[in-house]
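I am opening a notebook page on this structure.

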Amino acid sequence: MDKWIVKKPKLDVENRDQHDRDHNNEPNYEKSKINEISSGLNESALSTSTQIHSQTYDYDIGVFVGKTCTNDEKYKILKNRWIPNEFYKFPISGTRKLKFQRNWLLEFPWLSYSEKLDGAFCVFCFLFCSKEVGKGSHISTKSLVVTPFCRWKDAKEQFRYHTNVEYHKTSCIVAQNFIDVHEKKIVDISLQLNTARLATIEQNRKILSSIVETIILIGRQEIALRGHRDSGPILSKVSNHNDGNFRALLRFRVDSGDNTLNDHLLRMPSNRSTSYTSPKIQNELIEICGKVILNKIVSKCNEAECFSLLADETTDISGIEQFSLCVRYIEKTNSGSILKEDFLSFVPVNDVTGKGLMCTLLETCQNLKLNLKYLVGQGYDGVAAMSGEFQGCAAKVMEKYPQALYVHCASHSLNLVVSDACNIPIIRNSLGSIKETINFFRISAQRQSILKDVIHQLECETKKRRLMKLCETRWIERLDAVITFKELFVPIFFALEKIQMDGNREASKKAFTLQQALKNGNFILAMVVIQEIFSMAHPLSIYLQKVNVDLASAMETADNLSTLIKEMRSNVESKFHDLFSTAEHLAKEIGEDIKIPRVTHFQQHRANYELTSAENYYRVSVFIPFIDHFISQLEIRFTKHKNTLSIIQNFIPNKLIQLSENEIETKVLLWKQRWIAAAEDKLPCTFIDAINCCDELLFPKVYQYLKIAATLPVTVASVERSFSTLKRLKSYLRNSTGENRLNGLAHLSIHREIPIKSSEVVDIFSEKNRKLMF
């Protein structure tokens with residue numbers, strides 16, 4: 001009996017029999033349609049054929065063999081699969097030394113070559129065809145579907161055969177429908193067959209959109225989401241505790257007429273698992289909001305094809321070392337090109353050596369999908385771990401990306417200029433006395449009250465009633481505190497005198513010491529001189545903190561400051577006379593005179609100038625050394641910046657027209673000719689202005705040079721501003737905030753100008769399986 005019951009053997013695709021050939025003789029009414037689909041799906045892949053060997057395996061179809069691809073991966077493989085360019089050399093195999101031919105990719109649009117496996121696949125069958133096909137699944141698909149096809153001798157014959165098999169035609173149609181559904185050009189058939197399901201999804205999306213919009217509002221305003229307790233029904237009328245801003249704003253939306261959200265929250269007690277208001281869902285939605293913003297920034301950077309990285313580190317309230325990363329690039333707008341500096345991410349670091357920071361920096365950029373081949377600059381402060389010549393982060397990055405030029409932060413350079421210039425003993429001691437006096441009043445409400453009473457009694461013209469604290473790190477920012485101290489100098493002096501009489505023992509002793517320091521002529525004159533020099537440097541400090549400043553305009557402003565101080569040095573007698581008169585007036589208001597200190601012949605650590613007048617003495621001993629030291633530091637600290645600028649500044653038209661033809665490369669001569677006849681006041685003076693006047697098609701090389709020069713970093717002020725946001729977001733009461741939540745809130749707060757739609761967040765949120773359909 002068994003001989004009459006024989007199991008039908010499975011047919012291998014590579015050893016096809018007459019059954020397959022008969023199958024191919026069926027009517028070919030869809031052949032043209034299939035070819036059209038294949039060509040259309042292959043067009044985008046051909047257009048994105050990579051030129052960089054290091055990116056070969058990004059969408060090499062061989063990488064996905066044996067794996068279960070997600071819908072996103074399938075879509076990316078269809079749209080961006082790797083296709084060798086015309087210069088690619090295919091490997092030779094076999095005794096006959098045959099190899100894959102690139103023209104096969106054009107003849108058979110469904111064909112995809114894998115460099116990893118050195119074989120060919122049908123991309124549509126690989127993604128959408130099962131391993132076994134035919135009636136009863138009796139045909140096993142192997143070559144071109146499950147395993148790579150490598151028999152180049154029979155390649156064209158097998159490719160033509162595969163084009164006509166039925167499962168290939170079906171896979172092509174399924175692939176086209178898959179792309180249309182993924183791009184939302186058509187609605188999935190399962191949804192078309194169920195209108196009630198569509199209505200439910202629309203209702204659920206409205207509910208989630210209300211929740212997302214509430215979270216976006218809270219993130220933009222930098223307010224806390226959670227309260228003391230945030231459990232229980234949200235719509236409860238009576239609450240004995242603060243349940244947080246998030247739940248309060250949801251109630252506000254309901255009271256404002258959001259009936260969809262109202263119905264959802266009324267059902268919440270009976271079905272809490274689908275409320276989507278839990279802290280876990282809050283964190284997930286915040287993270288998605290941050291990713292939406294971040295993806296837009298990264299996309300702009302990669303489109304610019306030229307960017308610089310800015311980085312610095314700080315310690316947050318919980319003691320974690322946070323590495324803040326920002327990016328500088330050029331964005332094209334309707335009004336022209338503009339410079340942008342955008343925050344990317346906070347990254348916790350443990351290894352703060354140059355190599356450790358380099359690894360963190362590059363790894364973060366790769367995770368963010370930044371194309372590092374477009375990295376042209378690095379901007380850090382002067383700490384050794386970042387700027388070390390051999391072991392610093394900048395040097396380590398340049399080993400991997402030599403084109404990434406390091407530029408020291410100009411604001412930090414200016415800060416060092418002021419700091420070193422203030423090392424003159426009289427200036428240093430005066431700043432110390434100002435700091436001690438300010439702290440003496442600020443730490444006591446009673447002393448501040450005494451100061452306010454004295455200000456009221458003396459009827460001072462100033463409206464200021466409280467001393468400002470000296471900035472610990474940024475020296476130029478001390479100007480406001482010094483100005484306030486000078487305006488309140490007389491009330492401060494008499495307030496100290498009153499504290500000596502009425503205060504306790506310790507306060508009286510401290511007040512006496514400070515008053516003796518303040519009535520000294522050295523102090524009064526130094527205070528006036530400090531205010532004058534700081535006032536001259538302050539505009540440069542403010543200018544360097546702008547985003548749209550480039551290296552050319554920054555160095556021009558620094559040169560203007562140097563010229564201004566040199567002019568003061570050349571007219572030192574007249575200028576100091578005015579300052580000395582101001583100091584004398586302040587001294588007389590407190591009943592003191594500015595006198596020459598006692599001069600000794602054996603003292604080596606004081607200014608022993610034998611001069612007849614106090615004005616001449618302090619001009620020689622204080623003012624001139626302070627100015628000379630400031631000028632020399634200004635030249636030293638900005639030397640590297642000027643050396644960098646000297647290499648690239650000749651592309652700016654106002655510098656270019658000053659050069660002879662022998663000093664200019666041939667490709668730049670036409671660019672110079674463009675500006676010879678222009679008026680001097682019409683010549684662009686900065687790189688970004690030159691970019692807006694440069695035709696990219698007519699001057700491609702010049703445009704690229706200008707873009708690189710404009711993108712080079714000037715300061716890390718944007719990174720410092722992100723630290724301010726960090727302090728507001730991760731405060732004493734919110735010190736356990738996680739990194740994903742922190743970065744999401746930071747993006748919502750910092751990038752207020754970048755719009756984010758609730759539908760974008762809902763789309764990403766719905767990619768995972770949820771209890772409700774979105």
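**Entry 1: strands 6 and 7.** I looked up how strand 6 (residues 307-315) meets strand 7. Nine bridges join the two, and they run antiparallel. I count two strands as paired if DSSP finds at least two bridges between them. Strands (E, at least two residues) and helices (H or I, at least four) are DSSP runs, numbered from the N terminus. L310 stands opposite C326 in strand 7. Strand 6 and strand 7 form a hairpin with five residues between them. In that turn, G319 has a positive phi of about 85°.

I note that this is a predicted model: local features need pLDDT of at least 70, side-chain atom pairs count only at pLDDT 80 or more, and totals for chains, interfaces and linings use all residues. Residues are numbered from 1 along each chain as its sequence is written, and side-chain values use heavy atoms, with hydrogens and water left out.

**Entry 2: strands 7 and 8.** Next I followed strand 7 to its other partner. A hairpin of two residues joins strand 7 to strand 8. R328 stands opposite E341 in strand 8. Is strand 7 mostly covered or mostly open? Strand 7 (residues 321-333) is mostly covered, with 10 of its 13 residues buried. Buried means under 20% relative accessible area, exposed over 50%, and partly exposed in between, with a 1.4 Å probe and protein chains only.

Entry 3: The open sheet has five strands in the order 8-7-6-9-10, with mixed pairing. Its edge strands are strand 8 and strand 10 (405-408), each pairing on one side only. The twist averages 25° from one strand to the next. Strand 9 (residues 375-380) runs parallel to strand 10, and four bridges join them. G379 has V407 in strand 10 as its bridge partner. Helix 12 (residues 279-304) packs on the sheet and touches strand 6, strand 7 and strand 8. The direction of helix 12 makes about 55° with that of strand 7. Axes here are lines fitted to C-alpha atoms, for helices over the stretch in contact, and angles run from 0 to 180 degrees between N-to-C directions. Contact means heavy atoms within 4.5 Å.

**Entry 4: helices 6 and 7.** I turned to helix pairs. The axes of helix 6 (residues 155-164) and helix 7 (residues 166-182) come within 5 Å and cross at roughly 65°. Helix 6 and helix 7 are therefore roughly perpendicular. Angles under 35 degrees count as roughly parallel, over 145 as roughly antiparallel, 65 to 115 as roughly perpendicular and the rest as oblique.

**Entry 5: helices 31 and 32.** Helix 31 (residues 717-729) and helix 32 (residues 739-750) pack at about 120°, with axes 10 Å apart. These two helices are therefore oblique to each other. The contact is made by S722, T725, L726, R728 and L729 of helix 31 and L742, L745, A746, S749 and I750 of helix 32.

**Entry 6: S581.** Where does S581 lie? I found S581 in helix 24 (residues 572-589). S581 is partly exposed, with a relative accessible area of 32%. S581 and L525 are 56 residues apart in sequence and 9.6 Å apart in space, C-alpha to C-alpha.
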